[in-house]
Amino acid sequence: MAFFFRIYVHWFSQKFGRRNKRQKRFYLPREFVLPQSKCCWARKCKQGLRRRFGADGSLVSIETQEEHGNITEFLRATGDSGTLYWTSGKFNIEENVFEWGNGVQFSPTAPWSPGHPNSQLSLTGVTLYTVGSPRLRTQFNTVSSRYICEIRLSEDGEEAEPCFSDNDLVIVVDSSSSIGQVNYLSALEFAAKLATAWVDNPNNRISVVIYSSSVLSVIGLGEAVTVSQIRDRVYNATYLSGGTASDLGINAAVTEFKNNARAVPKNMVFLTDGSSNSPSLTLAAAQNALAAGIRSFSVGIGTNINQQELLAIAGNDSTHVFNTDGFEDLLKLLQPVSRRVCE
């Protein structure tokens with residue numbers, strides 16, 4: 001059971017303190033959610049959010065007076081008061097500041113309760129106390145409390161389109177060290193959204209593979225999985241953080257199709273942020289996929305892409321090659337990629 005409240009929040013262009021690389025956009029719709037369950041902020045809240053809402057869900061941050069007003073309106077609408085709710089706020093020991101989960105420092109005029117904040121070193125999280133206009137309090141993050149999350153609603157073009165002609169799809173995701181863990185989550189979000197849209201057609205099957213110096217199957221093509229299981233497995237996929245053995249990822253896709261063959265089109269979407277460790281092995285694997293009748297689509301992320309290799313992976317079909325300058329814009333490729341694969 002959860003209370004939902006949608007609001008179109010005007011995010012200010014200037015924020016207090018440091019910014020993370022992925023900046024919030026103007027007039028980005030957010031949906032506040034108030035689950036009934038409790039958790040310890042440092043451990044279970046984030047896991048629960050990811051399972052339920054994917055990478056779009058996070059513990060709430062309150063960076064401006066306007067956002068505080070929106071949260072006040074939301075909590076009053078729930079009719080609940082006198083309760084502590086976890087937020088994304090925490091104490092950064094190294095810089096001796098309180099900051100939100102996205103790295104933005106608290107405003108000097110943050111609405112603290114009397115006697116707060118108290119840093120209490122690494123065990124400190126930040127809660128909202130809901131009597132009257134909500135006020136911020138510091139709290140040991142081992143305490144079990146309810147929590148408020150906010151869900152980023154996708155902008156136009158940031159959703160994959162379903163495919164209602166029967167097809168199989170293997171999504172191969174780069175998990176190398178050059179990506180970094182934050183960007184890796186963006187790649188997983190792309191894979192999860194593409195996969196869940198694909199299975200809107202119950203006759204379609206999906207597989208997700210991650211690769212680095214080794215390869216790992218996240219979902220097998222022959223497995224019967226629900227949408228929630230797809231999200232859970234993909235968003236919790238291990239970050240391998242090694243080299244870029246692209247050939248291993250491609251060969252794993254070929255094996256998935258071989259071991260789960262049926263008379264429908266075979267499609268592979270391959271994500272990478274750079275060049276492979278062995279271009280010759282990657283070329284051989286791409287040719288093997290083409291010979292196996294697999295329609296391959298390559299997605300290059302960033303500015304360090306080997307375009308010739310990307311074209312080779314896509315079977316030398318330039319209409320099967322997609323590029324974006326960075327991970328912050330990766331979701332904008334969901335619509336064009338899904339449309340092209342389903343053609």
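Predicted model: local features only at pLDDT ≥ 70, side-chain atom pairs only at ≥ 80, totals over all residues.
**Entry 1**

For my elements I used DSSP runs numbered from the N terminus: helices are H or I with at least four residues, strands are E with at least two. Two strands pair if DSSP finds at least two bridges between them.

Strand 7 (residues 124-129) and strand 8 (residues 135-140) are paired antiparallel over 6 bridges. I then looked at strand 5 (residues 84-92), which runs antiparallel to strand 7 and is joined to it by 4 bridges. There I saw W86 opposite T127 of strand 7.

Is strand 7 mostly covered or mostly open? I found 5 of its 6 residues buried, where buried means under 20% relative accessible area, exposed over 50% and partly exposed in between (1.4 Å probe, protein chains only).

**Entry 1: around the end of strand 5**

N92 belongs to strand 5. I list N92 as buried because its relative accessibility is 14%. A polar atom of its side chain lies 3.1 Å from the backbone nitrogen of E94.

N96 is exposed, with a relative accessible area of 57%. Its phi is near 60°, a positive value in a residue that is not glycine.

P117 sits in the loop between strand 6 (97-99) and strand 7.

**Entry 2: aromatic rings**

Next I looked up ring pairs. Rings of Phe, Tyr and Trp (its six-membered ring) pair if their centres lie within 6.5 Å; planes under 30 degrees apart count as stacked, over 60 as edge-to-face and the rest as tilted. By this rule I have 7 aromatic pairs. F98 and F106 have ring centres 5.9 Å apart and planes at 50°, so I call this pair tilted. F98 is buried at 11% relative accessible area, and F106 is buried at 10%.

Another tilted pair is Y184 with Y239, at 5.0 Å centre to centre and 35° between the planes. Y184 lies in helix 3 and Y239 in the loop between helix 4 (227-235) and helix 5, so this pair ties together parts that are 55 residues apart in sequence. Y184 is buried, with a relative accessible area of 1%.

Which residues form one aromatic cluster? I wrote down F91, F98, W100, F106 and W112.

I turned to an open sheet of 6 strands, in the order 13-12-11-14-15-16 with mixed pairing. Strand 13 (215-219) and strand 16 (321-324) stand at the edges with a single partner strand each, so one side of each has no neighbour in the sheet. From one strand to the next the twist averages 20°.

Strand 14 and strand 15 (residues 294-301) run parallel, joined by 7 bridges. In this pairing N267 stands opposite R295 of strand 15.

Which helix lies across strand 11 (168-174), strand 12 (205-211) and strand 14? I found helix 3 (residues 181-198) there, running at about 175° to strand 11. Here angles run from 0 to 180 degrees between N-to-C directions, and axes are lines fitted to C-alpha atoms, for helices over the stretch in contact. Contact means heavy atoms within 4.5 Å.

In helix 4 I marked I230, V234 and Y235 as the buried residues. Seen down the helix axis they fall within an arc of 105°, so they line one face of helix 4. That arc is taken from the directions from the helix axis to the C-beta atoms.

S241 has a positive phi of about 55° although it is not a glycine, and it is partly exposed at 38% relative accessible area.

My last stop was A263, in the loop between helix 5 (246-259) and strand 14 (266-272). A263 counts as exposed because its relative accessibility is 87%. Its C-alpha atom is 9.1 Å from that of N167, a residue 96 places away along the chain.

Key:
Residues numbered from 1 in each chain as written. Heavy atoms only, no water. Polar contact = N/O pair within 3.5 Å; in protein donor to acceptor, adjacent residues only side chain to side chain.
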